[in-house]
Structures are given as structure tokens and as C-alpha cells.
Amino acid sequence: MRIALSTGGGDAPGLNAVIRGAVLAAVSRGWSVYGIQRGYGGLLGNDRVVSLGADEVRGITHVGGTILGTTNRGDPFKWPTPQPDGSIKEVDRSDDILAAFAAHGFDALVTIGGDGSLRIAQKLYEKGLPLVGVPKTIDNDVSGTVMTFGFDTAVSTATDALDKVHSTAESHDRVMVVEVMGRYAGWIALNAGLSGSADVILIPEIPFDIESVCRKIRERDARGRRFSVVVVAEGATSKGGGHVVQASAAPGGMERLGGIAAVVAKEIEVRTGKETRALTLGHLQRGGTPTTFDRLLSLRFGAAAIRCIAGGTFGVMVALTPPTVSFVSLKEALAKPKLVPLDADTILTAREIGVCLGD
Ligand code: F6P
């Protein structure tokens, strides 16, 4: 068997561990593996396909990023293509992907990606490409799996940052508003906010009322807690308000969220009179060494993808369904994004321990 492997979308800690798990599981079956560099771009035009064996994946389990490179502007169905007049047009290059796949003599593709990349994978599968997906994203917003790899590391990074922010907030009697990633889901904000003892956690699933946030800060003040830590997910919105974006969608890309912490901090300062600072953690959450949990999950996902191909099943995604790893159809997994359910026990826990959720 000749297996192709690609990493697409934003990077996430654990990508290299998935690659290592998949490559070693394939090599042990006597198969060969080829890495497609920089998402599907490696099969479109500038042919960038590299052979991956045990030597190429040695010592990378704990290394952040991806040895194959990635892009979140790599949708072959909407490939950004320069036109003679200098403009950029989105062109459907999916047939070229299938042709390149056949020309290389590949038997199957392991595609490691988040919601966007897996959606592309599903469309390629429907066009006849035999593939298995591996759910990657720090956002944890892919349905069908209890967890995506990369999420646990991002939550750990954000929690660590909150611990540090606490001491400076307390020293200065300030309000610190910390913005975390997560796109339109509040998983990182909620889990890191709880673990990092935030006083207020604002998530996209619960539109917030700024007055309720300020009430919490004033109550703490009255009890002698003259500082507060607010965690806000980048996709959070005020009641009736819209997303705060840094940039609207460029060709082949998505809108770039960001800036809500500054908006919330300003409102808090005006309404409470308390000195307030905003901090955006940004891509820190995507980098660095994966946690033990993510390393193990990634290795399991990589090996499971090859096991799935060996069993002749395609059009599915590996998924964490404790205590085991199983396979769910891509179609089912992509039917709707996985948001934080309002009856999640983490939401209940937050309320029961006195965290303000902004509602
Ligand atoms: O999907 C992962 C993610 O990090 C989101 O949390 C965030 O909104 C987005 O990617 C940032 O993308 P970029 O790397 O293009 O800034």
C-alpha cells in the first residue's frame, strides 16, 4: 500500500505525534507513506511530496507544529488563483487533486485537519478519493469525538497564563481580561477559565450582558477582592451584538476573529471605574510541546487511521470515544459543530462555584 498523509488548517500541538503514529503503524505493515507538504498545495502545481519512513519521524512526538507544514487557505474547491488582471479568483481544483493522487499511485489518504479540512476531505471522498480523517484543532469543535488533539495543550497553556495573570491583577487591584481562541465554541475559555480560577467566563454559547459582568466585579470589590480575572472566548458576543473581527474572510480563507478582550476591558473600565487591562493569548495556544494527554491521543489517532485503512473503511474519521478510539462517518461528524452544551456539567460547575457566565 502507498499511503499519502497531509496536515491542513491551523496547526495544533500533537500533529507530529499523529504523523509518527501513522507512519510507524504503516511501516510495520510493510506499507510506504508519503507526506504531502503544506496541505493540498503539495499536490497542486508545485509537487511537494516527501517519503516518510521511521528515520523521518524519529524524535518528533513531543515537537510542536508539523514537519509537513500546513495552511488554512488551502481549499482545493476554492483555490485562490491569480488572474491576468491581477485579481484573485477562487477556482475549483479538486479534479487536479484526484489526478495527482492517481499519478502518484496512492491507495489511500490520511488527512489530519479541523472542521474546515475535514469538510474538504468529505467532498474529496464523495468524488472518489479513499481517505480517513484525523480530527485536529485546539478549538475542540468537531462533533463525533469527545476530544480533538491539540485542545488539551491549548487549555494547559491558557490555564498557565491565567495563573500568571492572577498575581499581577491582585498586586495592582486591576481587572485583567484575557482573550483565548476557540472560534465559535467556548471549550478553551470554559475549561481554562475554570481551571485557572477566573471570576468571569464569557463563551459564544452564552451571549453576555456587560452589566452582569460589572456587577460581579463590583460584588468582589465590596468583599475586599479588589481584582478580577475575566476570560473571554474570541467568538463571544454581547446580547444582540456581533463578532469582533480583525479581518473579514480573504479568498480561500475564513474571517479572523479577535479583539473582543479590548472591547470588554474598555466597557468594564468605563462602567466600574476600575483600572482594566486586556491580554490576547493568540497563537501561543497553538504552539509548543503537546501535553502527555495530547501526545498519547495523537499517537493513538495516527495508528488508528492506518488500522482503519487496513480494514478497508474510508470516508470516516478516527474519534475518541472513551475508553477506546473508534471510527465515525465524516458526514455524521460534520453535520454540526460541537459547541458547549448549556447543560454541560462544566457550565453547571461554573455556576455552582460562583463564576459569572455573563448572563
Ligand atoms: O482553528 C484554530 C484557530 O487557532 C482558531 O482558534 C483561531 O480563530 C484561528 O485558528 C486563527 O487562525 P490564524 O492562524 O489564521 O490566525
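This is a predicted model: local features need pLDDT of at least 70, side-chain atom pairs count only at pLDDT 80 or more; totals for chains, interfaces and linings use all residues.
The lining of the largest pocket comprises 13 nonpolar, 19 polar and 17 charged residues.

The largest pocket has a volume of about 1,300 Å³. Its lining is made up of 49 residues, and those that lie nearest the centre are Gly-10, Asn-72, Arg-183, Met-254 and Glu-255. Two or more lining residues come from each of the following elements: helix H3 (115-126), strand E8 (175-180), strand E11 (245-247) and strand E12 (256-257). Of the elements, H3 gives the most to the lining, with 6 residues.

The pocket may also be described in terms of domains. Domain 1 covers 2-149 + 290-322, and domain 2 covers 154-286 + 341-352. Each of these two domains supplies at least three residues to the lining of the largest pocket.

The ligand may be considered next. The residues around the ligand are Asn-72, Ile-138, Asp-139, Met-181, Gly-182, Arg-183, Glu-234, Arg-256, His-283 and Arg-286. Among them, Asn-72 and Arg-183 also belong to the residues that lie nearest the centre of the largest pocket.

Which residues place a polar side-chain atom at 2.6 Å or 2.9 Å from an oxygen atom of the ligand? For Glu-234, the distance from a polar side-chain atom to an oxygen atom of the ligand is 2.6 Å. For His-283, the corresponding distance, again from a polar side-chain atom to a ligand oxygen, is 2.9 Å. Gly-182 takes part through its backbone: a polar backbone atom of Gly-182 is 3.2 Å from an oxygen atom of the ligand. Taken alone, the ligand exposes 400 Å², and the protein buries 80% of that area.

Two details of the backbone remain to be noted. The peptide bond from Pro-322 to Pro-323 is cis, with omega near 10 degrees. Pro-323 is located in the loop between strand E14 (316-321) and strand E15 (324-329). The other detail concerns Arg-38, which has a positive phi of about 55 degrees although it is not a glycine. Arg-38 lies in the loop that runs between strand E2 (32-36) and strand E3 (49-52).

Methods: Residues are numbered from 1 along each chain as its sequence is written. Side-chain values use heavy atoms; hydrogens and water are left out. On a 1 Å grid over the protein atoms alone, a cavity is a set of points where a 1.4 Å probe fits but cannot get out, and a pocket is an open set with protein on both sides within 12 Å along at least five of seven lines; lining residues have an atom within 4 Å of a point. Grid points are joined across faces, edges and corners, and a volume is the space filled by probe spheres set on the points. Helices (H or I, at least four residues) and strands (E, at least two) are DSSP runs, numbered from the N terminus. Ala, Val, Leu, Ile, Met, Phe, Trp, Tyr, Cys and Pro count as nonpolar, Asp, Glu, Lys and Arg as charged, and the others, Gly among them, as polar. Domain bounds come from an automatic or database domain assignment. A residue is near a molecule or strand if one of its heavy atoms lies within 4 Å of it. A polar contact is a pair of N or O atoms within 3.5 Å; within protein, one must be able to donate a hydrogen and the other to accept it, and residues adjacent in sequence count only if both atoms are side-chain atoms. Accessible areas come from the Shrake-Rupley method with a 1.4 Å probe; for residues, only the protein chains shown count as cover.
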